[in-house]
Amino acid sequence: MRLGPSRVRVSLRLARWLGPWAKDAVPRGVTRTTSTLDDARGYRAFVYRSRARAHGAYLVVPGLHYAGPDDPRLDRFCRVLAASGFVVLAPALPDHLALRVAPTATDDLAIAWNAVEAMARAEAMPRPALFSISFGSLPAIALAARDGYRDRIGALVVFGGYADFDASVRFAVTGEARDGARAIAAPFDPLNAPVVFLALLPHLPAVDREAVARAWRTMVERTWGRTELKAPDARRSIADDLARSLAPADRDLFLVGCGLREDRALLDAGLAAVGDAFAFADPRPYLARVAAPIVVLHGRDDDVIPWLEAEKLRRALPPGHPHRVLVTGMYDHTGATRPSPRALARELVTMFHVVRAMADAPQLRSTEP
């Protein structure tokens, strides 16, 4: 299919800013304003616009992160989308700010969808698209399947998302990625372990769960985004300092949750005790009801959610559902990476398909007469 002028411009701008050559540069001429989605709860979102006329709209769904859209990496990505020709709305989902996997995130995302849809309608733009990141894939997929919303969404883009909740949280702690009988060992980010144990905490033995939870959240705030702290010895002093504030009986549990003391049996027991408490976190039943086309993007070097999850998402789609799955070595979980010279040509072709898919996802209004 021949690309129209609008899509060509959008694709070229995306390629300019999302390629490894851009490094951490941030596009200029983009404004960010705050929109209040629920004043009573202080639920807010950021709206990104460039000076140029927008062709379409994106609702960007953040993953679990205490900073939400204030995370510099997510803020940069939203600015890139805006500079490429989109109006972008990124909500600070209360559950995700609290590092909590909860079904109420979908309800809050619906409020954000209503807001971005109203903006698109006011500016005579077609249906917006959803772009989810990491564990933001769950509320995004659930919303795209929800009655009253499923026919209003132009497309769903899932970047670094998951299909199998149990396998994904195990990977975050052990680095073992599984797809049925297939298992691969892959580099993983041990700094994510506290979030897994936060979810399991109600089912783990602890004297003061509130204090342990507070210590794990503080550990996350002090370590996330600091690559040098992935080495256990590098972050041990931070963990030891926080452990001193806990009851002696809780200190071992805290260190296990920080990835500084291995206890596979504790992880297995916690996951077994959960039972059906996280049944809602399986996105696969929702995928059967999604009406919008789906694009699944995943970095082969993703150290938060393994790339095997992309294939699981594909298999969960109903036969004939319009979709694309693109797994690339050009991006890890946090942004662009530099592939080896030998792989560069292949990865550039994949990147072309990635930016083309991102340009196509929101329905664009034409800039032609």
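Student: Which residues of helix α9 are buried?
Tutor: In this predicted model, helix α9 spans residues 232–243. Buried here stands for under 20% relative accessible area. The residues of α9 that are buried are Arg 235, Ile 238, Ala 239, Leu 242 and Ala 243.

Student: Within what arc do the buried residues of α9 fall, seen down the axis?
Tutor: An α-helix has 3.6 residues a turn, so residues three or four places apart point the same way. In α9 the buried residues line one face of the helix, because their directions seen down the axis fall within an arc of 140°.

Student: Which residues are exposed on the other side of α9?
Tutor: The buried residues of α9 line one face. On the other side, the exposed residues are Asp 233 and Ser 237.

Student: Is Asp 71 buried or exposed?
Tutor: Asp 71 pairs with Arg 73 in a salt bridge, at 3.1 Å from N to O. Arg 73 has 35% relative accessibility and therefore counts as partly exposed. Asp 71 has 10% relative accessibility, so Asp 71 counts as buried.

Student: How many residues apart in sequence are the parts that Arg 170 and Asp 268 tie together?
Tutor: The side chains of Arg 170 and Asp 268 form a salt bridge of 2.6 Å, N to O. Arg 170 belongs to helix α6 (residues 165–174) and Asp 268 to helix α11 (residues 264–274), so the parts tied together are apart in sequence by 98 residues.

Student: In which helix do Arg 314 and Glu 311 both lie?
Tutor: Arg 314 and Glu 311 form a salt bridge with their closest N and O atoms 3.2 Å apart. Arg 314 counts as partly exposed at 33% relative accessibility, and Glu 311 counts as partly exposed at 26%. The two are three residues apart, about one turn, and both lie in helix α13 (residues 308–316).

Note on methods:
Residues are numbered from 1 along each chain as its sequence is written. This is a predicted model: local features need pLDDT of at least 70, side-chain atom pairs count only at pLDDT 80 or more; totals for chains, interfaces and linings use all residues. Side-chain values use heavy atoms; hydrogens and water are left out. Buried means under 20% relative accessible area, exposed over 50%, partly exposed in between (1.4 Å probe, protein chains only). Helices (H or I, at least four residues) and strands (E, at least two) are DSSP runs, numbered from the N terminus. The arc is that of the directions from the helix axis to the C-beta atoms. A salt bridge is a side-chain nitrogen of Lys or Arg within 4 Å of a carboxyl oxygen of Asp or Glu.
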